[in-house]
Amino acid sequence: MEREIVASYEPKKNNEIRMFESSDEMATDLAEYISQVSEISVKERGYFAIALSGGPLVSFMRKLCEAPYNKTLDWSKWYIFWADERAVAKNHVDSNYKLTKEGFLSKVPILNGHVYSINDNETVEDAATDYEFVIRQLVKIRTVGVSESNDCPKFDLILLSIGSDGHVASLFPNHPALELKGDWITYITDSPELPPERITFTLPVINSASNIAVVATGEDKAKAVYFAISDGAEGPDAPSIPARMVQPTDGKLVWFLDKASASFLEAKNDVYEHPKY
């Protein structure tokens, strides 16, 4: 399998970037990566707490539903959460829960009681409050770990995708939600993408994770990827995009990119063509 490290990008400490020729190669490597993180977490803590996002991310988890992982992973120790969710019914086409249920959860033996979805019978504000309460209870009994540098939950793995505008979870550019420090979960009612009402992890929670993986595919993500991780994108004129704010406090960050999304990082002669956003 061809997996390249982008030579023109110097990863920051505890950051790694992986680039793939095809979606199948990316899915294969992502499955192995998630498998390794889960095995380490179960061995060290007795649990594996993973938070997912929506978009194309779930389709890249498909290899976990196949051999050998469907037989070898200790699925009874998996606990599923969502880093963001749309305030719609669970059977709605825009629901991240529905997407994950159909593409992943229905195909692996994860216990129903270990799947913590967001209450779709409440207002978006109440649902965010309740979701934070549930996670706080699980942190108390250490089903979800706790950060040593702050009191945030320390998820074993948070899987994110990146939008063409550089948003992650439901944290959008220049949105006040990016500034929240004390809240673990927040809600927004003005998402620039439909549907407008959403629930999302805050940046402190995302950055407290032991492991973060960001998946990006397609040429429409290339500028966002560049501005998120390239040192050449620093400076007063560089856009402040949420994905660039994903910097784990004590954990590790891995970017999974296809060639199209990494195209602006692949500089010739180590010289970046600075794209316009």
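1. Terms and basis. Helices (H or I, at least four residues) and strands (E, at least two) are DSSP runs, numbered from the N terminus. The model is predicted: local features need pLDDT of at least 70, side-chain atom pairs count only at pLDDT 80 or more, and totals for chains, interfaces and linings use all residues. Residues are numbered from 1 along each chain as its sequence is written, and side-chain values use heavy atoms, with hydrogens and water left out.

2. Overall content. The protein chain has 6 helices and 12 strands. Of its 277 residues, 53% count as buried (buried means under 20% relative accessible area, exposed over 50%, partly exposed in between, with a 1.4 Å probe and protein chains only). A contact means heavy atoms within 4.5 Å. Among the contacts in the protein chain with a separation of 6 or more, 72% come from residues 24 or more positions apart.

3. Confidence. pLDDT is the predictor's confidence in each residue, from 0 to 100. The protein chain averages 90, and 88% of the residues score at least 70. Over residues 4–10 the pLDDT stays under 50, and the model has 20 contacts beyond four places in sequence for them. Residues 268–277 also have a pLDDT below 50, with 26 contacts in the model beyond near neighbours in sequence.

4. Trp 255. This residue sits in strand E12, which covers residues 252–258. Is Trp 255 buried or exposed? Trp 255 has a relative accessible area of 1%, so it counts as buried. Not counting residues up to four places away in sequence, Trp 255 touches Glu 16, Ile 17, Arg 18, Ile 162, Val 214, Val 225, Ala 228, Ile 229 and Ala 243. Met 19 is 236 residues from Trp 255 along the chain, yet their C-alpha atoms are separated by 8.1 Å.

5. Nonpolar core. Such a core is a set of buried Ala, Val, Leu, Ile, Met, Phe, Trp, Tyr and Cys residues joined through side-chain atoms within 4.5 Å. The largest one has 90 residues, and those touching the most other members are Ile 34, Trp 78, Phe 81, Phe 104, Phe 201 and Trp 255. Helix H1 supplies the largest share of this core, 8 residues.

6. Helix H1. How far apart are the end C-alpha atoms of helix H1 (residues 23–45)? They are 32 Å apart, which agrees with the 33 Å that its 23 residues should span; the expected span is 1.5 Å times one less than the number of residues. Gly 46 follows H1 and has a positive phi, near 90°.

7. Largest pocket. On a 1 Å grid over the protein atoms alone, a pocket is an open set of points where a 1.4 Å probe fits, with protein on both sides within 12 Å along at least five of seven lines; lining residues have an atom within 4 Å of a point. Grid points are joined across faces, edges and corners, and a volume is the space filled by probe spheres set on the points. The largest pocket has a volume of about 370 Å³. It is lined by 19 residues, of which Val 37, Ile 40, Ser 210, Asn 211 and Lys 252 are the closest to its centre. Strand E2 (15–20), H1 and E12 each give two or more residues to the lining, and H1 gives the most, with 7 residues.

8. Cis peptide bonds. Ala 67 and Pro 68 are joined by a cis peptide bond with omega of about 5°; Pro 68 is in the loop between strand E3 (48–52) and helix H2 (69–72). A cis peptide bond also joins Leu 194 and Pro 195, where omega is about -5°. Pro 195 is in the loop between strand E9 (185–188) and strand E10 (198–201).

9. Ala 169 lies between strand E8 (157–161) and E9. Its phi is near 50°, a positive value in a residue other than glycine, and Ala 169 counts as buried at 6% relative accessibility. Asn 174 is placed in the loop between E8 and E9 and has a positive phi of about 65°. Asn 174 counts as exposed, at 71% relative accessibility.

10. Glu 266. This residue is in the segment after E12 and counts as partly exposed, at 35% relative accessibility. Glu 266 and Tyr 226 are 40 residues apart in sequence, and 9.7 Å apart from C-alpha to C-alpha.
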